[in-house]
Amino acid sequence: MLLSALKPRAALEAGDPTPYTLEPTLESFRRVLLIDGFGQYLLNSVLVAVVVVTASTLCAFLAAVALTRYRFRLRTTLLVMVLTAQMVPVEALTIPLFFLMRTLGYGIPGIGLNQLGSLMLVHTAFAIPLAVWMLRAFVASVPRELEEAAWLDGAGSLTFVTRVLFPLVAPGVVACSIFSFIMTWNDFLFARTFIISAQENQTLPIALLSLFKPDENDWGGIMAGSVLMTLPVLVFFLFVQHRLANGLGGAVKG
Amino acid sequence: MRLTTPARLCALLGLAALTTACAPLQTPGAASGVDEPDGTLRVWLFSEVDQAPKERVVDAAVAEFEAAHDGVDVQVQYIPVETRAERFQGAFLDPGSAPDVAEYGNTDLAGYVESAGFVDLTEDLSDWEPHEDIAADVAATAQVDGASYGVPWFLGARALFYRTDVLEELDLEVPRTLEEVVETGRAVREARPGMLGISAGGAYTYAMMPFVWAHGGDIAELRGDTYAATIDSAESRRGLELYGRILSDDVCPPQTCSQLTGDASVQNFLAGNAAMTIGGNFNLNALRDSEVAENAAVVPLPGTEPGTVAPAFAGGNNLGVLAGTERRTLSVEFVKLLAGKEYQLKMYEAMGNLPAYTDVREELASSDEEIGPFVETIDAGTRFVPVTGAWATVDAEGILPGMVQRVAAGNTDVDQATDEAARALDTAFGESDARGRQTPVSAPAVRRPTGRPPGSRSRRVEPWMYLVPAALVLGVMLVYPLYQLVLVSFFDYRQPQVTGAEPLEFVGWANYRALLADPQFWEVLLNTVGFAAACVLGTLAVGGALAVLATRLTPWVRTVLFLAALGAWATPAVTGSAVWLHLFDPTLGPVNQALTWLGLGDFSGHSWTYDKWSAFALVGAQVVWCSFPFVMVTLYAGIRAIPEEVVEAARLDGASTSRIAWSVMLPMLRPAVTIVTIQSIIWDFKIFTQIYVMTGGGGIAGQNLVLNVYAYQKAFASGQYGLGSAIGVITTLLLLLITLVYLRALRRQGRYCDAPQTQERRRRAAGGAGRRPAAVLDAALGAQAAGGLGGR
C-alpha cells in the first residue's frame, strides 16, 4: 500500500511490475490532499471521532458508575440489556436510523441527514455499550473506602465521581476512547447512507471510494488515501495492543 | 414511594414510547417554500470516462454564473452513474439534503416524477425563447404527462464503430445486417485471436436493445395503464439470441465481456483491442484522441435487412431542479445557463454530446461530417424504454444485464432467461402501479422521552441520574430504531408512504411471504451462510496454524510476525478492500502481472470479480486476511497459558507429540477455540463493507449478494423499505440465535475444561446471583472488543 502510494503515477499506469520504486514521490499524497480535498475529509473524520469519543465516554462513564457503585432493582437486567445492545447488528438498523435522522433533521438543525451531527449521534450510541462494559471493571476496582473518605471530607457524590473517581479510572477511559475512536473512524455504512449530497461533510472512507472511477482508477491516489486513513488506527492499535492481549486473556481463561 | 420512583419512571418511558410511536415514521418531505437569493447552489452531474473537458465547460459556466450572482457559491459534485439510484432515492427522501440542480438520464425521469423529486418547470420554460428550438419529440424526453421537468441537455445516439485497417487486411466487408455484424466479428477473432471481434458487453443494455428492436421485439408494451413484459416474445428472443452470440468465446469471450458496460465496451475499441464496437456520438472525441483514430470509421448500426438501420435508443440527459430546493429561482437560472445553446455547443466540442436544439444540431451537421451517421440513425427512428417509474427499479436491479449475462455464461438458455426476466419485469411494473389505499394509520412524529427523576440525593435515585445520558442516547438511537425496524417490516413502506403522499398500509406478513417466495432470497441466504462458513474455516485454519507456528519461532521472528498481523488487524475494512482490489486489478494489478510473468498463462485483463466463485474467493481472502490476527493472537495466548508441567507430565507418561497436541492441549484450548469460532461466525455473517466495495454492491446480477447488502440494496436502491426491513429482521434474528448459542457455549465451557484457574473462577462466579452471567458476558465482550475492530 505504502509502496504503491509512493510510486510515480506514470510508473503505476505503465503497469511496472516491480513492487518498489527507486524514485519515491509524495506526488500521490499531494494530489489527494490538495486536489481531491482529502484534508477536509480528514478533518471531518477527526471531528466526528473526537465528538463521539468524548460524548460516548462521558455517558458510559456515568452509566458505569451507576451500574457498579450502586445496588438497585433492575441493575442486573440493565447489565444484560447493555450486553444485548452490543450484539445487535448495526447494519440492520440502517433503514430505521435513516428515517429517524431524516425526521430529527426537520426539528433540530445540525443533526439531520447530510450533517456530520447524524454520524456523531449514531456512533455515540453504538460506542456506549462496549464502553460501559469496559469502564465497569475499572470503576469497580476503586475501593469503596475511598468513597467513604471523600464523603467524610464533605464531598458530595457528584464531587466524588468527578474529582476522585474520574482521575483514578483515567487509564480505562483512554483505552475505551481508543476503541470508540477506531470504531467510528472505520465506519463506512452510515457515512455512505447519511451524507447524501454535502460533499463538504464526507468522511474519509467515502472520499476514498469516490476515487474509484469507471475506467481509470488512480491507484496511487487510492493507496495514498488508504495510508492516510490507516495510519492513525495503526498508531492507536499499537497503544492498546497490551490491552487487547489482556482483554483476551480474561476471555480465554474465562 | 420506596419502590415507585424507578418503577414509575420506567412506566412513564414505556408509555411515552408506546403512545408516540405506534406507526412507522411518515413525514412529508415537502418543499420548504423558501426561495433564497444567495448561498450555496449544489449541483449533481454524472462522472464520466475522461471527464476533464466536461469539468472545464462546467467550471466556465459556474464562473460565469457566480460572477453574475453576488453571494452565490455553486458546488458541483460528480456522482457515478452506477450508484445513482440510491443517491437519488436518498435525495428525494430528504429534500433538505438534496442538491438543487441535477443531471439525470431521461429514462429515469418517470420514476423521479413519481417520487415527486423534481420541480415542474413548464411555466418557467414557456416564455424562455431557446426552448422553442427543441423539437417536440426531444422535449418529450423531459416531460411526463405533458409537464416539463427539466431541459434536455444533450442527446445520445449509438452507431457501429469499426476498424478500417483490420477489415481491409482480412478482406472483410463492412457489415450490412446485424447477422453480418456478428459473423464479421467471428471472422476477425478467428484470424486475430488476440482481438475481440466486437466489443459489446453483457451490461451494455443500449447495445443489446437495437438487436431486439430490429427483430420486432421490445422490452414491454403498454396494455391499458400497465406495461406488460414482451422481452419473452419470439421476436425479442430472436434479437437476444443474436446478441448472445456476440458474448461467446469466438467473438467476445464472456470472461472479458460479460461485465462490460457501455463505457468499458468502447474503451476496448479505443485501446485497439477490438475490431468493432457500438459507440455513441459522445465517444467521438475520445475516438479522435485514441491510437485507432486514423483507422476507425462509423456507420449506422444496420438492421436485419441490408440497407436498413436498427432502431437506436433515444438516450440523453436532462438538467432539472430538485423539489427540495431552497433556491428555486437561482436553480432555474443555472439550468437555463448550462442547458442553453452556448454551453450545449461547448459540451459538444468538449464531450461530443449532441445538442438538443435542432438549429444548433443542423449547424453542426453541416460543418462536421463525423456526426453524420448519428444524425442518420436518429432520423431513421428511435425507440425508448417504458415510461414508468418502475424503470428505475428495473435498472437498479439490473434485470436486463442479468438476463444477458446468464445467457452468456451458459447458465440458462435464451428462453428460460427471458422468461425469468419477463417475470421480474412484470413484478416491477405491477408494484409500481398497484398502490393500495386501505387502512390509513395515523402517523405521529417522534418525540423524545424527556422524563427526569427528581434531583433527590438519595442513593436510590442517584444511579438513575447517572444513567440518564446513556439511556437517552441508547433509547433514541438503538431501542427505538430496533422497534421501528420490526414495525416497518409489517408495512407497505415505499417512497410515497414515507413522504406521506399515500397512506400507510399494514400488510401483516406480506413482506415476509414475498421474501420466502423469492428464489433470490434463498440464494442470498445460502450465499451468506456458505460465505460465512468458508471465511470462518479459512480464518481458523490460517490463524490456528500461525499461532502454533508462533510458539516455535525465535522471539525476533515472532515479533515481526505479530507486527505484520497487527498491521492487517488495524487496517480499516474500506482501505483493506481497496488494497486487495489494487492487487487483483485486471490490468495494472501486481497479482495478474506476476502470474503472467511466471508463465502461468496470460492473466492480463483477467477479471477476478467476474466469476461468482472467484469473486467470493477474493472477498473471502480479504476477510480472512483482516480477521486471522484475532484468532492467531487469542490462540497463541491460549497455548501460552497451558502450564508447562501438564505437557511435561504427559511427555513423561510416554505420549507422542501429536498425542499431546490432540489429547492434552486441544481440550485445554477448547474455550479459546469456542470463543474465536463463534465470534468469527458473528462477524462473517454480517460482512457488509468488503462485499459492497469489492464487488461493486453485490456483483454481476447480484450474484455476490449477502443478506446485509441485499437488505441495503432493496431499501436504498429499489426503495422497498418494508421489504428491506424484513430482511433486516431476519438477519437480526439469525444473529441473536447465534449469539444465544455463543452464550450457552461460554457458560458450559467450564465442564470441558479442567484447568484449575477455571474451576476457581467458576466457584467465585457462582458466589453472587448477579455475578455469574456477568462473568460469562465479560468474557464474551472482551473478545468482541478485541476482535470487532478489524472486521468493521
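Is B:E221 buried, partly exposed or exposed? I looked this up first: B:E221 is partly exposed, with a relative accessible area of 38%. The classes I use are buried for under 20% relative accessible area, exposed for over 50%, and partly exposed in between (1.4 Å probe, protein chains only).

Ground rules. I am working on a predicted model, in which local features need pLDDT of at least 70 and side-chain atom pairs count only at pLDDT 80 or more, while totals for chains, interfaces and linings use all residues. Residues are numbered from 1 along each chain as its sequence is written, chains are lettered from A and ligands numbered from 1 in the order in which they are written, and side-chain values use heavy atoms, with hydrogens and water left out.

Chain A. I find 13 helices and zero strands in chain A; helices (H or I, at least four residues) and strands (E, at least two) are DSSP runs, numbered from the N terminus. Of the 254 residues in chain A, 59% are buried. Taking contacts with a separation of 6 or more, I note that 72% join residues 24 or more positions apart; a contact means heavy atoms within 4.5 Å. The accessible surface of chain A is about 10000 Å², and carbon and sulfur atoms hold 66% of that. Accessible areas come from the Shrake-Rupley method with a 1.4 Å probe, and for residues only the protein chains shown count as cover.

Salt bridges. The criterion is a side-chain nitrogen of Lys or Arg within 4 Å of a carboxyl oxygen of Asp or Glu.

- B:E221 pairs with B:R223 at 3.0 Å, N to O; B:R223 is partly exposed at 49% relative accessibility.
- B:R163 pairs with B:D165 at 3.1 Å, N to O, and B:R163 is buried at 10% relative accessibility.
- B:K346 pairs with B:E342 at 3.3 Å, N to O. These two are four residues apart in helix α15 (residues 341–351) of chain B, so about one helical turn separates them. B:K346 is partly exposed, with a relative accessible area of 30%, and B:E342 is partly exposed at 44%.
- I also noted one network, in which salt bridges that share partners join B:E179, B:E183, B:R186, B:R245 and B:D250.

Helix α25. I placed B:V560 in this helix of chain B, residues 555–570. B:V560 is partly exposed, at 45% relative accessibility.
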